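Here are a few notes from my pass through this one. Have a look at the structure, then see whether you read it the way I do.

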Amino acid sequence: MNRLSETKVKKLSNDHNTIIELESVVIGEGHFTVIAGPCALESEELAVKTAKAVEHSGAKVFRCSLFKPRTSPYTYQGYGIDGVSLLKLLHKETNLLLETEILSTDHLDALASEADILRVGSRNMDNYELLKAVGKTNKPVILKRNMSATLEEFLLAAEYILSVGNNKVILCERGIRTFETYTRNTLDILAVPALKELTHLPVIVDPSHSTGKSSLVPAASKAALAAGADGLMIEVHPDPLRSYSDGQQSLDIPTFEKLMKELSDMAVLLGKKSFSAVLS
Ligand code: PEP
Ligand code: MN
C-alpha cells in the first residue's frame, strides 16, 4: 500500500493535519501528550491516589477504564457503569482530562457525558456499529489497532468514525502479534511514521500492551517519541504486584515519574512544541 485508495478512504485523504485541542491539552502537530493510569479502575481510593500521582508527574490525561475486555470471563471485568460516578469524582479532585474505553453502544450516553476522550480497544477495532456510534459523538476517540490488523485495515476502521462526522480520531499503535513470545506483542514502531505518511491523524503508542513487561516500557516509550509519535498511553499503578490486571506491565509511581523526566528532556531535544504540561 503506497497510497490509500481514494475509493476506500475519502476523509483520510485530506491533506491538512488534524490537531485535537481539549482545554490545555493539544494532541498532534508537534505536541507530545502523555495519558497514564491503571489498566482498570479498582477502587475509589486507588483511582484518586493514582490520578493525583500521575498529575503530579506531568500527565494531563488519566486513563480510567471502567470496562475491561478480558481473555477469560473469570477474571476482573472492571468497575462497570456504576463507575461513572467515579469519573465525576476524579473531575472534582484533579484537573486531568479523563479517557475511558467503550465496549458497547449501550454505554455511549453515560460514558460520553463524563469522559473527555473515548477509547475503542483493539478487540473492537472491527466493531463497525460501535465505530459508527462513537463517530456520531463530538468526543475525541482513541482507536487502537487490532493486534492482527494491517495498517490499511486499521485506517479503514478509522474511516468508519470519520465518515459519519467525527474527525477527532487518534490512532494508537499497541503492538501486533508475531512469532515472538518474549514480549506480549511486538511494537510495530514503524507504524508511527508510516501512519503519519498515510494520514493526517495524530498517532500515539501504548508501550504497556505492546511489551507486556514494565522493564521494557521506558525503552518503548522513548522509541515512540523518537519515531514521531504524538503521545503515549502508559499503564501506571501504585502497587503493580497487587493490580487486578496487567500488573506485570504497569509502572509504579517512582518509575513513571523518572520516565516522565527523561521523556521531557528528550522532547526538548527533539524540538517538541509541548510536553504534557511541562514545556508549554
Ligand atoms: C487497554 O488499553 O486496556 C487494552 C485492553 O488494550 P488493547 O485494547 O490494546 O488490548
Ligand atoms: Mn491493560
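1. Start with the metal site. Going along the sequence, the donor residues of the manganese ion (ligand 2) follow the spacing C-x169-H-x25-E-x10-D. H209 sits in helix 7 (residues 207-211) and E235 in strand 10, so this pair ties together parts that are 26 residues apart in sequence. Keep in mind that the model is predicted.

2. As for the atoms involved, the protein donors are C39 through SG, H209 through NE2, E235 through OE and D246 through OD. They lie 2.0 to 2.4 Å from the manganese ion (ligand 2).

3. Are H209 and E235 buried or exposed? Both are buried. D246 counts as buried too, because its relative accessibility is 12% and the cut-off for buried is under 20%.

4. Most residues other than glycine have a negative phi. On the chain, D246 belongs to the loop between strand 10 (231-235) and helix 9 (253-269).

5. Which residue has a positive phi of about 50° although it is not a glycine? That one is E23, found in the loop that joins strand 1 (20-22) to strand 2 (25-27). E23 counts as exposed because its relative accessibility is 69%, and exposed means over 50%.

How values were computed
Residues numbered from 1 in each chain as written. Chains lettered and ligands numbered in written order. Predicted model: local features only at pLDDT ≥ 70, side-chain atom pairs only at ≥ 80, totals over all residues. Heavy atoms only, no water. Helix = DSSP H or I, 4+ residues; strand = E, 2+ residues; numbered from the N terminus. Buried < 20%, exposed > 50% of the residue type's maximum accessible area, 1.4 Å probe, protein only. Donors = N, O, S within 2.8 Å, 3.2 Å for Na, K, Ca; no water.
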